[in-house]
Amino acid sequence: MYLFTEVIFYSGQRRYLPTNGYRPDAIFNDTRDYWGITFVELSAEKFDVPGPAIIQFTFQNSHYQDVVQGQSFAIMEGPNQIGEGKVISIEKCEVNSGW
């Protein structure tokens, strides 16, 4: 399964924009639980500007049942929030470049 998302990375929090394969944690809503995610496709071109991304949970497939369309999440590196995102859709499909 994949989460099709829109993400923003904050300026001043990282030196470089992340690329495909980036593996931070995410906090969905107010759970305060850190869930590992992997960016399968990421086309971030600038800081502080929303862009599309496809992510999947790194360790727990069961997390998909806890996520809904429209849900917001924080992108975390340790205790630091370095960005945020919103779930656009949840899909069982092959990842296809250029979506």
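Two strands pair if DSSP finds at least two bridges between them. Strands here are DSSP runs of E, at least two residues long, and helices are runs of H or I, at least four residues long, both numbered from the N terminus. With that settled, E6 stands opposite K86 in β6.

Some housekeeping. This is a predicted model, where local features need pLDDT of at least 70, side-chain atom pairs count only at pLDDT 80 or more, and totals for chains, interfaces and linings use all residues. Residues are numbered from 1 along each chain as its sequence is written, and side-chain values use heavy atoms, with hydrogens and water left out.

Now the overall picture. The C-alpha trace spans about 35 × 35 × 20 Å along its principal axes. A compact globule of 99 residues would have a radius of gyration near 13 Å, and the 12 Å of this protein agrees with that. That radius is taken over C-alpha atoms, and the globule rule is 2.2 Å times the number of residues to the power 0.38.

On surface, the accessible area comes to about 5,900 Å², and 43% of it belongs to carbon and sulfur atoms. Areas come from the Shrake-Rupley method with a 1.4 Å probe, and for residues only the protein chains shown count as cover. Buried residues make up 37% of the 99. Buried means under 20% relative accessible area, exposed means over 50%, and partly exposed is in between.

Next, the strand pairing. Strand β1, residues 2-9, runs antiparallel to β6, and 8 bridges join them. On its other pairing, β6 is antiparallel to β5 over 6 bridges. Two of the bridge partners there are A74 with E84 and F73 with G85. The β5 and β6 hairpin has 2 residues between the strands, and G78 in this hairpin takes a positive phi near 60°. Strand β5 also pairs with β2 in the antiparallel sense, over 4 bridges, and D25 has M76 in β5 as its bridge partner.

Which residues touch the most other members of the largest nonpolar core? They are V7, F9, F28, F39, F57, F73 and I75, out of 19 residues in that core. At least two core residues come from each of β1, β2 (25-28), β3 (35-42), β4, β5 and β6. Strand β3 gives the most, with 4 residues. A nonpolar core here is a set of buried Ala, Val, Leu, Ile, Met, Phe, Trp, Tyr and Cys residues joined through side-chain atoms within 4.5 Å. As background, nonpolar side chains in soluble globular proteins tend to be buried together.

Contact means heavy atoms within 4.5 Å. Across the protein, among contacts between residues at least 6 apart in sequence, 61% join residues at least 24 apart.

That brings me to E84, which is found in strand β6, residues 80-91. Is E84 buried, partly exposed or exposed? E84 is partly exposed, because its relative accessible area is 35%. Beyond its neighbours within four places in sequence, E84 is in contact with E6, V7, I8, Y10, F73, A74 and I75. The side chain of E84 makes a polar contact with the side chain of Y10, at 2.4 Å. A polar contact is a pair of N or O atoms within 3.5 Å; within protein, one must be able to donate a hydrogen and the other to accept it, and residues adjacent in sequence count only if both atoms are side-chain atoms. E84 and Y10 are 74 residues apart in sequence, and 8.3 Å apart in space, C-alpha to C-alpha.

H63 lies in the loop between β4 (51-57) and β5 (72-77). H63 counts as buried because its relative accessibility is 14%. Not counting residues up to four places away in sequence, H63 touches W35 and F57.

The other is D48, in the loop between β3 and β4. Most residues other than glycine have a negative phi. D48 is partly exposed, with a relative accessible area of 42%.

Note on methods. Buried < 20%, exposed > 50% of the residue type's maximum accessible area, 1.4 Å probe, protein only.
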